[in-house]
Amino acid sequence: MSAVKRRRRPAQSIDMTPYVDVIMLILTFFILTAQFKAELAEDIQVKLPNSGNDTTKLPERNVMTLVINRFGDIFADVDNINVREDVLGDPIGLAAYHPDSTTQPGWTNPANLNDKGQMKRPIIAFKDREKFKKLLIDFRLSSKSNVGKDLRIVVKGDKEADIGAVQDLMEIMKETKNTRFSFVTDLETDEKEKK
Amino acid sequence: MASVEQAEGGSEKRGRKQNKWSQRKRVGFHIDMTPYVDVIMLLLTFFIMTSTLNQPQVMQINLPKGDQETTVKVDMGNVVFIRISEKGNIGLSKGKSDGTEEQPIKVNLEQMKQYLEGWGTANKDMIMILKFHRKAKYDMMISVLDEINRAAIEKRYSFSKMEEPDFKVLEAIGG
């Protein structure tokens with residue numbers, strides 16, 4: 001009786017090895033493809049416009065992000081903490097500039113910027129156009145000396161933003177010789193295309 | 001272990017004991033994988049949750065490098081004006097060689113692409129001048145650029161400021 005029992009026990013336990021193998025493969029895949037977004041960069045929420053045929057992916061590193069929100073504020077940010085410390089004097093600071101003097105900047109109320117209603121990052125406001133232009137140049141120079149590579153510039157505009165702010169930004173970029181940049185868009189889904 | 005058993009003597013006894021021992025060994029070597037699998041599943045869930053598979057796309061733009069003062073002279077006959085009004089209407093008009101331009105046509109995005117493809121294949125030197133109203137929405141600008149990128153033509157366009165005459169042109173198509 002006891003011999004039968006003993007023989008049955010190993011047969012009842014399920015061999016988990018292949019299961020664990022597969023899960024390990026999936027795990028490895030996700031670890032390797034994972035990209036950790038800097039939480040800080042998402043502090044200002046924008047609704048991205050859709051576009052259909054842009055195949056270029058957003059660069060991952062060494063990026064200067066210029067965010068335009070629906071109030072027409074421009075936020076300049078780089079992903080390198082040393083560059084931020086260098087140029088802004090604050091490792092998590094966020095430069096802001098409101099080009100249109102006829103309207104009020106939106107960053108005065110943190111609820112305008114994100115859902116949570118509070119900013120993790122201190123905003124360093126620029127009133128003067130020339131100073132903001134100098135900032136963009138400083139970002140680039142500092143990045144070149146800190147990282148050794150040229151900054152790639154992406155413009156993240158809110159769907160609802162006025163083109164005026166975008167035009168002002170493009171004007172500034174032209175004057176600071178930042179003539180190569182890209183607009184960040186969301187891939188258009190087929191559903192939206194039908195409309 | 002074996003030597004210890006040998007010292008105990010008794011060949012019959014030893015044989016039975018060895019058999020029993022090896023059986024027990026098999027059971028003892030069975031590693032319980034459950035906690036290991038639990039941890040791996042947790043890790044897997046974490047990475048699945050945090051991974052961002054849909055990386056946003058980018059639209060490449062190259063502005064002309066030249067200084068503000070440098071102007072490029074172009075034949076007005078090659079120019080196509082694309083004007084976007086505050087309401088998001090698109091006014092499309094072709095320039096004439098004598099410096100004037102044809103009556104603007106009010107189009108939607110799909111028609112704009114078709115017109116541009118038609119003119120672009122007829123005239124390889126076509127240059128598009130984009131004029132956006134300051135109060136128009138950024139979404140519109142991306143849609144127009146996207147449509148131009150999609151059209152099977154040479155992508156030569158420039159951004160230009162909207163001025164008084166442009167407003168009048170837009171009024172002709174209903175603002």
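Strand S8(A) pairs with strand S1 of chain B, residues 57-62, in the antiparallel sense, and the pairing runs over six bridges. Within this pairing, Phe181(A) stands opposite Ile61(B) of S1(B). The model is a predicted one.

The contact between the two chains involves 59 residues of chain A and 48 residues of chain B. About 5,300 Å² is buried between chain A and chain B. Carbon and sulfur atoms give 59% of that area. Between the chains, 12 residue pairs are in polar contact, with both residues at pLDDT 80 or more. Several elements of chain A give two or more residues to the side that touches chain B. The helices are H1 (2-12), H2 (17-33) and H5 (163-175). The strands are S1 (50-51), S2 (56-57), S7 (152-157) and S8 (180-187). By class, this side of chain A has 26 nonpolar, 15 polar and 18 charged residues.

Side chains of opposite charge can pair when their charged atoms come close. Across the interface of chain A and chain B, three salt bridges are found. One of them joins Asp162(A) to Lys135(B), with the closest N and O atoms 3.5 Å apart. Asp162(A) lies in the loop between S7 and H5 of chain A. Lys135(B) lies in the loop between strand S5 (127-132) and helix H5 (138-150) of chain B. Asp162(A) has a relative accessible area of 19%, so Asp162(A) counts as buried, under the 20% cut-off. Lys135(B), at 36%, is partly exposed.

Asp168(A) and Arg134(B) also meet in a salt bridge, at 2.8 Å from N to O. This pair likewise crosses between chains. Asp168(A) belongs to helix H5 of chain A, and Arg134(B) to the loop between S5 and H5 of chain B. The relative accessible area of Asp168(A) is 18%, and this residue is therefore buried. Arg134(B) is partly exposed, with a value of 34%.

Over all chains, the structure holds 12 salt bridges. Within chain A, Arg84(A) and Asp77(A) form one, with a closest N to O separation of 3.1 Å. Both of these residues are buried. Also in chain A, Arg129(A), Glu130(A), Lys133(A) and Glu175(A) are linked in a network of salt bridges.

Methods: Residues are numbered from 1 along each chain as its sequence is written. Chains are lettered from A and ligands numbered from 1 in the order in which they are written. This is a predicted model: local features need pLDDT of at least 70, side-chain atom pairs count only at pLDDT 80 or more; totals for chains, interfaces and linings use all residues. Side-chain values use heavy atoms; hydrogens and water are left out. Contact means heavy atoms within 4.5 Å. Buried area is the accessible area (1.4 Å probe) that two parts lose on being put together, summed over both. A salt bridge is a side-chain nitrogen of Lys or Arg within 4 Å of a carboxyl oxygen of Asp or Glu. A polar contact is a pair of N or O atoms within 3.5 Å; within protein, one must be able to donate a hydrogen and the other to accept it, and residues adjacent in sequence count only if both atoms are side-chain atoms. Helices (H or I, at least four residues) and strands (E, at least two) are DSSP runs, numbered from the N terminus. Ala, Val, Leu, Ile, Met, Phe, Trp, Tyr, Cys and Pro count as nonpolar, Asp, Glu, Lys and Arg as charged, and the others, Gly among them, as polar. Two strands pair if DSSP finds at least two bridges between them. Buried means under 20% relative accessible area, exposed over 50%, partly exposed in between (1.4 Å probe, protein chains only).
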